[in-house]
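Visitor: I would like to learn how to read a few structural features from coordinates. Please show me the chain and take me through it.

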Amino acid sequence: MIRPILLLTLLSSAAHAAPSYSPVDISQWPERSFTEPTRYRLENQADQTLLRADCSNGQASARYLKQRIDLNATPILRWSWRISHPFQQLDETSKAGDDYPVRLYVVKDGGLLPWRTLAVNYVWSSSQPIGSQWPNAYTANAQMLAVSSGAPDGAALVTVQRNVREDFQRLHGQTLDQIDGLVIMTDCDNSGQTVTGWYGSIEWLPATSSSTGR
C-alpha cells in the first residue's frame, strides 16, 4: 500500500491565519479511505466533545485539512489524544506494522514535484519509546516520531506539544517557513487488530511556548 505518498500529495492551499481546530471541526475535514473507512464520530466525555475513531476488520482512513501555516509566526503545534490500548507485537518500522491507534501528520507540499512532498508523522507508538524516530516503511519522505507510547495511564487525554519547525529541521534537514496541511489517522489494516483512539483539539501557537511536552 502507498497510502503515505497518497496522503502527502493531497495537501496544498492558500495561506490562513494561525487557527485552532475543535473535534467538531476535525470531524468535518475531508476523508481519504485506503480500505474500509475508520469510523470517526463525535463523543461526549466528562463534559467535553472528542472525536472518537474506532478501527477493526482492517480499516484505514484519514481526515485531512489543506491549509498553509506560517511556521515563523506559529511553529508550535499542540494537541490532545488518548487510546484504548496499544497494538500487540507490532514492528512499526515494517510495512506489516504500519498501524497506529492515533497519529497526526504535518505536511510540506512538493507542488509540481510531488516526490518532494515531506511529512513529519507524530504517533502514539505501540512498541517504540517516546522520542524514537524512524522512516515510514512505505516512504522515507514521511518521518515517524513517537510522542506518546504504550498503554494509556488512565482515561485522561494526553497533551502533546511540538515545535514543528525544529522537528522538520531535525528529521528532514530542512528549515521551513510554512507547512501546507494536517492529517489525522487511526488505522489497523496491516495488523488486523482492533483499537479505539480519541482526538481532542489541535492548535497552533507562537514560539514563546515550550517546544515539547506531554
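Predicted model: local features only at pLDDT ≥ 70, side-chain atom pairs only at ≥ 80, totals over all residues.

Visitor: How many helices and strands does the chain have?

Guide: The chain has three helices and 14 strands. It has 214 residues, of which 53% count as buried.

Visitor: What share of the contacts joins residues 24 or more positions apart?

Guide: Among contacts with a separation of 6 or more, 75% are between residues 24 or more positions apart. As for the surface, the chain exposes about 9,000 Å², and 46% of that comes from carbon and sulfur atoms.

Visitor: How should I think about the nonpolar residues?

Guide: In soluble globular proteins, nonpolar side chains tend to be buried together. In this chain the largest nonpolar core has 34 residues. Trp81, Ile202 and Trp204 have the most contacts inside that core. Another core, of ten residues, lies apart from it and includes Phe34, Ala62, Val107 and Val183.

Visitor: And how do I read a pair of aromatic rings?

Guide: A pair of aromatic rings is described by the distance of the centres and the angle of the planes. Here the count comes to four aromatic pairs. One of them is Trp79 with Tyr122, with 5.3 Å centre to centre and 40° between the planes, a tilted arrangement.

Visitor: Why does the pair of Trp79 and Tyr122 tie together parts that are apart in sequence?

Guide: Trp79 belongs to strand 6 (residues 76-83) and Tyr122 to strand 8 (residues 118-125), so their pairing ties together parts that are 43 residues apart in sequence. Trp79 and Tyr122 are both buried.

Visitor: Which strands hold Trp81 and Trp124, and how are their rings placed?

Guide: The rings of Trp81 and Trp124 form a tilted pair, 6.4 Å centre to centre with 55° between the planes. Trp81 is in strand 6 and Trp124 in strand 8, so this pair also ties together parts 43 residues apart in sequence. Both Trp81 and Trp124 are buried. Ring pairs link Trp79, Trp81, Tyr122 and Trp124 into a cluster.

Visitor: Let us take a single residue. Is Trp198 buried or exposed?

Guide: Trp198, in strand 13 (residues 195-205), has a relative accessible area of 7%. The cut-off for buried is under 20%, so Trp198 counts as buried.

Visitor: What is in contact with Trp198?

Guide: Leaving aside neighbours within four places in sequence, the contacts of Trp198 include Glu43, Leu50, Arg52, Ser80, Trp81, Arg82 and Val102. Val102 is 96 residues from Trp198 in sequence, yet their C-alpha atoms are 7.6 Å apart. With Glu43 there is a polar contact of 2.9 Å between the side chains. Arg82 lies over the face of Trp198, 3.8 Å from the ring centre.

Visitor: Where is Arg52, another contact of Trp198?

Guide: Arg52 is in strand 4 (residues 48-55). Its side chain makes a polar contact of 2.9 Å with the side chain of Asp54. Not counting residues up to four places away in sequence, Arg52 touches Arg39, Tyr40, Arg41, Glu43, Thr196, Gly197 and Trp198.

Visitor: Which polar contact does the side chain of Gln67 make?

Guide: The side chain of Gln67 makes a polar contact of 2.7 Å with the side chain of Tyr21. Gln67 lies in strand 5. With a relative accessible area of 11%, Gln67 is buried.

Visitor: Last, the backbone. What is the phi of Ala46, and what is that of Asn57?

Guide: Ala46 has a positive phi of about 50°, although it is not a glycine. Asn57, also a residue other than glycine, has a positive phi near 55°.

Visitor: Where do Ala46 and Asn57 sit?

Guide: Ala46 is in the loop between strand 3 (39-45) and strand 4. Asn57 is in the loop between strand 4 and strand 5 (60-70). The relative accessible area of Ala46 is 76%, which makes it exposed. Asn57 is exposed as well, at 74%.

Technical notes:
Residues numbered from 1 in each chain as written. Heavy atoms only, no water. Phe/Tyr/Trp six-rings, centres within 6.5 Å; stacked < 30°, edge-to-face > 60°. Helix = DSSP H or I, 4+ residues; strand = E, 2+ residues; numbered from the N terminus. Buried < 20%, exposed > 50% of the residue type's maximum accessible area, 1.4 Å probe, protein only. Lys NZ or Arg CZ within 6 Å of the ring centre and 35° of its normal. Polar contact = N/O pair within 3.5 Å; in protein donor to acceptor, adjacent residues only side chain to side chain. Contact = heavy atoms within 4.5 Å. Areas by Shrake-Rupley, 256 points an atom, 1.4 Å probe, with all protein chains shown as cover. Core = buried A, V, L, I, M, F, W, Y, C linked by side-chain atoms within 4.5 Å.
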